[in-house]
Amino acid sequence: MLDWMKTAKSVADDPVFGFNPDAVTRSITVDIAASASVVWQILTDLPRYNEWNPFCIRAVSTLKMGDPIEMTLISYATAGGPTVPNLEYICGFEPERLLSWEFPNLDFWPYPARRDQVIEPTGPASCRYFTTDAFLGENGIHVFRFAGPWVKRAFDDTAIALKARAEALYVSGS
């Protein structure tokens with residue numbers, strides 16, 4: 001469980017943004033034979049997402065806390081169907097450790113969520129990566145039940161692709 005999850009209000013305490021540990025999708029964890037700095041470089045090189053990321057094929061942001069991140073996602077809900085525009089906001093930025101963004105609660109789309117991409121250094125030339133999506137508030141469990149399986153597939157594919165990209169860059173010295 002991530003630090004913010006340990007201290008978050010519950011759904012009972014905050015029906016809009018409360019955290020429910022049963023409404024979290026988590027990718028596989030991949031061990032990467034590349035340094036955390038290489039993985040961080042890939043995750044923050046947004047213009048190149050289309051070169052390696054099978055789920056998020058476009059991302060534009062300053063990556064400053066609170067700033068938007070505009071994304072184009074491949075719809076895993078329809079087996080790789082149409083692309084979907086997505087707008088979230090940077091809420092976590094710890095170089096070589098954590099990159100996070102969140103979807104707000106909107107009157108017309110009351111489904112707040114938070115995505116965390118976690119890098120855990122395991123040595124000078126290795127690290128571990130996983131990503132989570134916490135679906136928040138009273139609606140979170142319903143979103144998790146509907147979207148959780150395809151979000152997991154998308155996140156697993158992303159983790160595998162990130163591993164391949166990082167290891168190739170690390171070996172080539174790029």
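1. Start with Asn-53. In this predicted model, a polar atom of the Asn-53 side chain lies 3.0 Å from the backbone nitrogen of Phe-55. The backbone nitrogen of Cys-56 also lies 3.0 Å from a polar atom of that side chain. Asn-53 sits in the loop between helix 3 (49–52) and strand 3 (56–61). Asn-53 is buried, with a relative accessible area of 6%.

2. Next, the cysteines. The structure holds zero disulfides. For Cys-56, the nearest cysteine sulfur belongs to Cys-91, 15 Å away. A disulfide needs the two sulfur atoms within 2.5 Å, so Cys-56 is in none. Cys-56 is buried at 1% relative accessible area. Cys-127 is in no disulfide either; its nearest cysteine sulfur is that of Cys-56, at 19 Å. Cys-127 is buried too, at 0%.

3. The largest pocket has a volume of about 650 Å³. Its lining counts 24 residues, with Leu-73, Asn-86, Trp-109, Trp-150 and Val-151 nearest the centre. By class, 19 are nonpolar, two polar and three charged. Helix 4 contributes the most, six residues. Elements supplying at least two residues include strand 4 (68–74), strand 5 (83–94) and helix 4 (140–172).

4. The second largest pocket holds about 220 Å³ of space. Its lining includes Trp-4, Arg-97, Arg-114, Asp-116 and Glu-120. Helix 1 (3–7) and strand 7 are the elements giving two or more residues. Strand 7 has the largest share, five residues. The class count for this lining is five nonpolar, no polar and six charged.

Note on methods:
Residues numbered from 1 in each chain as written. Predicted model: local features only at pLDDT ≥ 70, side-chain atom pairs only at ≥ 80, totals over all residues. Heavy atoms only, no water. Helix = DSSP H or I, 4+ residues; strand = E, 2+ residues; numbered from the N terminus. Buried < 20%, exposed > 50% of the residue type's maximum accessible area, 1.4 Å probe, protein only. Polar contact = N/O pair within 3.5 Å; in protein donor to acceptor, adjacent residues only side chain to side chain. 1 Å grid on protein atoms, 1.4 Å probe; cavity = no way out; pocket = protein on both sides within 12 Å on 5 of 7 lines; lining within 4 Å. Points joined across faces, edges and corners; volume = space filled by probe spheres on them. Nonpolar A, V, L, I, M, F, W, Y, C, P; charged D, E, K, R; others polar.
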